[in-house]
Amino acid sequence: MERIRVVLGDITKIEADAIVNAANKTLLGGGGVDGAIHRAAGPELLKECIGLKGCETGQAKITKGYRLPAKYVIHTVGPVWRGGEHNEDMLLASCYRNSLQLAVENGIKTIAFPSISTGAYRFPVERAAKIAVSGIAGFLKEHSGIDTVIIVCFDKKTMEAYEKALDEVKKNPA
């Protein structure tokens with residue numbers, strides 16, 4: 001899967017056609033990745049997000065990137081971890097699939113994802129990494145429009161989990 005890369009860094013500084021925001025349902029900013037993206041993009045992002053009237057868990061919506069290096073921000077709402085018995089895996093997979101679908105529909109060739117739901121929403125990082133990487137790899141097999149997916153990890157532990165998941169997908173392509 002040469003089209004998927006895992007990096008350590010700050011998603012607000014990534015040069016890609018689009019970055020993905022691990023947003024909350026209001027889309028009005030918050031902590032973690034969401035707050036960082038809103039701060040870096042500037043107040044115009046908040047104005048556009050107000051007009052979107054929120055987003056449901058597992059769904060995705062797109063805005064301009066404003067002051068970010070990325071032309072677009074795709075906002076997706078990951079599930080809060082509640083023990084794994086409340087469709088968390090399916091909802092997390094939907095975040096990636098719906099974000100990638102919006103990318104295809106908008107002609108986006110390069111897209112960067114954070115580790116969705118593994119911060120304040122407490123989704124176990126190893127489990128989240130497997131869901132993310134297998135979902136991205138499966139989507140890319142069916143859609144040639146996206147050239148590169150970058151998974152941007154905020155710390156070494158998260159990066160190692162995504163690298164391991166990517167290695168597993170490379171060894172055992174579905």
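These legends accompany a set of close-up views of one predicted model.

Residue numbers start from 1 along each chain as its sequence is written. Local features need pLDDT of at least 70, side-chain atom pairs count only at pLDDT 80 or more, and totals for chains, interfaces and linings use all residues, while side-chain values use heavy atoms, with hydrogens and water left out.

**View 1. The open sheet of 6 strands.**
Welcome to the sheet, whose strand order is β1-β6-β5-β2-β4-β3, with mixed pairing. Strands (E, at least two residues) and helices (H or I, at least four) are DSSP runs, numbered from the N terminus. Two strands pair if DSSP finds at least two bridges between them. The edges are β1 (4-8) and β3 (60-64), each of which pairs on one side only. From one strand to the next, the twist averages 25 degrees. Angles run from 0 to 180 degrees between N-to-C directions, and axes are lines fitted to C-alpha atoms, for helices over the stretch in contact. Helix α5 packs on this sheet, where it touches β1 and β6 (148-153), and its direction makes about 165 degrees with that of β1. Contact here means heavy atoms within 4.5 Å.

**View 2. Strand β6 and its parallel partners.**
β1 and β6 run parallel and are joined by 5 bridges; within β6, C153 stands opposite L8. β5 also runs parallel to β6, with 4 bridges between them, and A112 has I150 as its bridge partner in β6. 6 of the 6 residues of β6 are buried, so this strand is largely enclosed by the rest of the structure. Buried means under 20% relative accessible area, exposed means over 50%, and partly exposed is in between (1.4 Å probe, protein chains only). Have a look at both faces of β6: T148, I150 and V152 are buried on one side, and V149, I151 and C153 on the other.

**View 3. Strand β2 beside strand β5.**
Strand β2 (residues 18-23) runs parallel to strand β5 (residues 110-113), and 2 bridges join them. I19 stands opposite A112 of β5.

**View 4. Helix α4 crossing helix α5.**
The axes of α4 (residues 125-142) and α5 (residues 156-171) come within 8 Å and cross at roughly 45 degrees. That makes α4 oblique to α5; angles under 35 degrees count as roughly parallel, over 145 as roughly antiparallel, 65 to 115 as roughly perpendicular and the rest as oblique. The crossing of α4 past α5 is right-handed, a term used if the near helix is turned clockwise from the far one by less than a right angle. Among the residues making the contact are V125, A129 and V133 of α4, together with A161, L166 and V169 of α5. The residues of this contact divide into 11 nonpolar, 2 polar and 4 charged. Here Ala, Val, Leu, Ile, Met, Phe, Trp, Tyr, Cys and Pro count as nonpolar, Asp, Glu, Lys and Arg as charged, and the others, Gly among them, as polar.

**View 5. K170 in helix α5.**
K170 is partly exposed, with a relative accessible area of 44%. K170 and E2 are 168 residues apart along the chain, yet their C-alpha atoms are separated by 9.3 Å.
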